[in-house]
Structure formats: C-alpha cells, structure tokens
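Hello,

I am passing the structure below on to you, with notes on what was found in it. Please read the notes with the model open beside them.

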Amino acid sequence: MRPVVDRDSSEWWERVARGEFVLQRCDSCATVRFPARAYCHRCRTRGWHWEPIAPVGRVESWIVSHQPFLAGTTEPYVVVRVRLDEAPECVMYGNWRAQGPPADGMAVRARLTEVDEELSLVDWCPLG
Ligand SMILES: [Zn+2]
C-alpha cells in the first residue's frame, strides 16, 4: 500500500522523494502546517511558501498499529506523533524506526526512508 497523494500534497511527496524536509508556512499568520493543504487551517488564507524546518521534535504520543496502511511496514509497527521544535504549532506523524520503543517526550529526528524511486517516507528515530 502507498500513501494517498492528492492535489495539495503531491509537491510535498515529490520533495520528500528528493530528500528535502520542508513544510508549508502561511504567508499571513506564519503557521507551519502538515499535511500540505491549499488553505491555512488557522486563518483561512491561501498564500503560503515551502520552508525548510529543522527535522527534530519531541514524541507527543505513539501507537502500535496492526493495520498495513503504508508501504515498507510489517505489522505490527509503531506510529509516532511528533511536535516540531522549530514549529511547535505543527504536529507530524510517521513510522518509528528504532530498536526500542518510543517514549512520550523523547527527542527525535526525521529520517527519510526511500521506498522506491518515486516514494520516500518521513520516519522518526531517536535524536543523537
Ligand atoms: Zn494562516
């Protein structure tokens, strides 16, 4: 199975496949958002730009999934919810790539995992 790539997120997926970690920042209220969308969820305006954001944050919560949602996973697998250090208004999620389990509050960094030529995933692993 592969992630659903839609009109709003297709460029984000292309950038991730090229090894870029960027997010949308609203031109009006400066909110950083994920996943990529045409409108700002905070101020409802359309203007935005891609911005490189440090791919580090803290685990806010995590689950063990027994459902195969994405390529490159073998059930059961762990999905983490991460609040970014540089953009604390932005929460991301992704697969956990480490031997041990995550913990709430753990410092983590993104790791881009290449699935194939056209698809890479933003996974998370312990910082350091
Ligand atoms: Zn906004």
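**Overall size and make-up**

The protein has 128 residues, for which a compact globule would have a radius of gyration near 14 Å, and its own value of 14 Å agrees with that. The radius is taken over C-alpha atoms, and the globule rule is 2.2 Å times the number of residues to the power 0.38. This is a predicted model, so local features need pLDDT of at least 70 and side-chain atom pairs count only at pLDDT 80 or more, while totals for chains, interfaces and linings use all residues. Residues are numbered from 1 along each chain as its sequence is written.

Along the principal axes, the C-alpha atoms fill a box of roughly 40 × 30 × 25 Å. The protein contains one helix and eight strands, in the order α-β-β-β-β-β-β-β-β from the N terminus. Helices (H or I, at least four residues) and strands (E, at least two) are DSSP runs, numbered from the N terminus.

Of the 128 residues, 20% count as buried. Buried means that 20 or more other C-beta atoms lie within 10 Å of the residue's own; 12 or fewer is exposed, in between is partly exposed, and C-beta atoms are placed from the backbone. Of the contacts between residues at least 6 apart in sequence, 51% join residues at least 24 apart. A contact here means C-beta atoms, placed from the backbone, within 7 Å.

**The two sheets**

Strands of a sheet pair through backbone hydrogen bonds, either parallel or antiparallel. For two strands to count as paired here, DSSP has to find at least two bridges between them.

S7 (residues 107–116) and S8 run antiparallel and are joined by eight bridges; in one of them, Asp116 has Leu119 of S8 as its partner.

Another open sheet has three strands, ordered S2-S1-S3, again with antiparallel pairing. S2 and S3 stand at its edges with a single partner strand each, so one side of each has no neighbour in the sheet. Five bridges join S1 to S3, and Leu23 has Glu51 in S3 as a bridge partner.

**The core and the helix**

Which residues make up the largest nonpolar core? It has eleven: Leu23, Ile53, Val80, Val82, Leu84, Ala87, Met92, Trp96, Val108, Ala110 and Trp124. Such a core is a set of buried Ala, Val, Leu, Ile, Met, Phe, Trp, Tyr and Cys residues joined through C-beta atoms within 7 Å. S5 (77–84) and S7 each supply at least two of its residues, and the largest share, three residues, comes from S5. Leaving out residues up to four places away in sequence, Ala87 touches Leu23, Val32 and Ile53.

Helix H1 (residues 10–17) has Trp12, Trp13 and Val16 as its buried residues. Seen down the axis of H1, they fall within an arc of 100°, so they line one face of the helix; the arc is that of the directions from the helix axis to the C-beta atoms. S7 and S8 are among what covers these buried residues. Just after H1, Gly19 takes a positive phi of about 90°.

Ser120 is in S8 (residues 119–126) and counts as buried, because it has 21 C-beta neighbours inside 10 Å. Apart from neighbours within four places in sequence, Ser120 is in contact with Val16, Ala17, Leu112, Thr113, Glu114 and Val115.

**Backbone points in the loops**

Most residues other than glycine have a negative phi, and most peptide bonds are trans. Ala30, in the loop between S1 (22–26) and S2, has a positive phi near 70°. Ala30 is partly exposed, with 14 other C-beta atoms within 10 Å. Arg44, in the loop between S2 and S3, has a positive phi of about 65°. With 10 C-beta neighbours inside 10 Å, Arg44 counts as exposed. The peptide bond from Phe34 to Pro35 is cis, with omega near 0°; Pro35 lies in the loop between S2 (32–33) and S3 (48–52).

Regards

Terms used:
Contact = placed C-beta atoms within 7 Å.
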